[in-house]
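Thanks for coming. I would like to go through how two chains meet in this model. Please look at the screen.

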Protein chains: 2
Amino acid sequence: MSPDGFISGRNPSRQEPLGEGGEALHEWGIASAAWREAHGKEGGERNVDSQLLQESIARAGATIMGKRMFGGGDGPWDKSWEGWWSDEPPFRHQVFVLTHHPREPLEKGETTFNFVEGIEPALEQARAVVAEGEDVVIGGGADVIQQYLKAGLVDELTIHLVPILLGGGVRLFGDDRGELECIRVVESPAVTHLTYRPAG
Amino acid sequence: MSPDGFISGRNPSRQEPLGEGGEALHEWGIASAAWREAHGKEGGERNVDSQLLQESIARAGATIMGKRMFGGGDGPWDKSWEGWWSDEPPFRHQVFVLTHHPREPLEKGETTFNFVEGIEPALEQARAVVAEGEDVVIGGGADVIQQYLKAGLVDELTIHLVPILLGGGVRLFGDDRGELECIRVVESPAVTHLTYRPAG
């Protein structure tokens, strides 16, 4: 997220899927050894950012995401469409894609995309597949995170705060009030990682 | 600021001048020994938050603020109105109040409020009165901070990030894009203090 509250910039396009300037929010991650390793690549930065990312990848046992993050549009979809992830998506676990139009699971490499209607059924199914001590990660987008926050189903919220002002775009938070507890701050020159626990 | 980007909440009123829930953004400051001392009071928390506030109070040689922060409304004002600060405001230095309706300076205790039109003249006058090594503080509100940021006149921006979601209200940032450099992070259970330097 940018300090002005955006997780992607204005005017997303094919050239700039994360909107104007939005790509910069991900630079620290993409440069990290942890991200490269998850994507089957060597090299990358071995710094505190990479270490934090490595830890969260290691703890992730399942991921929930919205349909747009999988790669679908808003309406019913062409079931031959396999999303915009590569043949070996970086998850390597069960992914639960929220949709009003469920379809058969899709296996890609070590990742299986499941298509589920409703945030609670998706969470239930994700919880059922994770091992003891593993996390269910709510990957995004913002609307999905907001729905889980509103339903009181989030244990921890980590914000990777990148020092760039985007001035517009998709906001992480909606118009709900809430109390948080800050349980961890990890800083580097590129990004401040803030972990909160929703209160109450 | 709240992580969702607000420096005061929705629906400010006489009972809740900082809007719904907005008061919580200031609790860490008001509880601190540094704030209490600046307001002529004893006691208070002596923690990392207080120390940081003490340092910035000690370095502040002049303050610039908008008319609403002084206590005026939007239009021309009744010149008998002396703002909402007490007879001994906590600044104890020259304050420059931005206004389209300049008036004679107002002395209150060790603080003098000067009334100046234009952000550049105000900064120039403030710079002229500070000693070597002292800061000119842009106190607020958000619109004033945004104007100085846009004009490229801000050397450092410190955000006191308080773990509460306000869901609406006055946003610190406007719709301008910009690059920052994070130069300091100080954390406590109550608040994360993030200091940025605008780039370029």
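Strands here are DSSP runs of E, at least two residues long, and helices are runs of H or I, at least four residues long, numbered from the N terminus. Two strands count as paired if DSSP finds at least two bridges between them. This is a predicted model, where local features need pLDDT of at least 70, side-chain atom pairs count only at pLDDT 80 or more, and totals for chains, interfaces and linings use all residues. Residues are numbered from 1 along each chain as its sequence is written, while chains are lettered from A and ligands numbered from 1 in the order in which they are written.

Strand β10 of chain A, residues 178-187, is joined to β8(B) by 2 bridges, and the two run antiparallel. In β8(B), Ile164(B) has Glu179(A) opposite.

Now the contact as a whole. With contact meaning C-beta atoms, placed from the backbone, within 7 Å, 26 residues of chain B touch 26 residues of chain A. On the chain B side, the elements giving two or more residues are β8 (164-165), β10 (178-187) and β11 (192-198). The largest share, 7 residues, is from β10(B).

Conventions:
Two residues are in contact if their C-beta atoms, placed from the backbone, lie within 7 Å.
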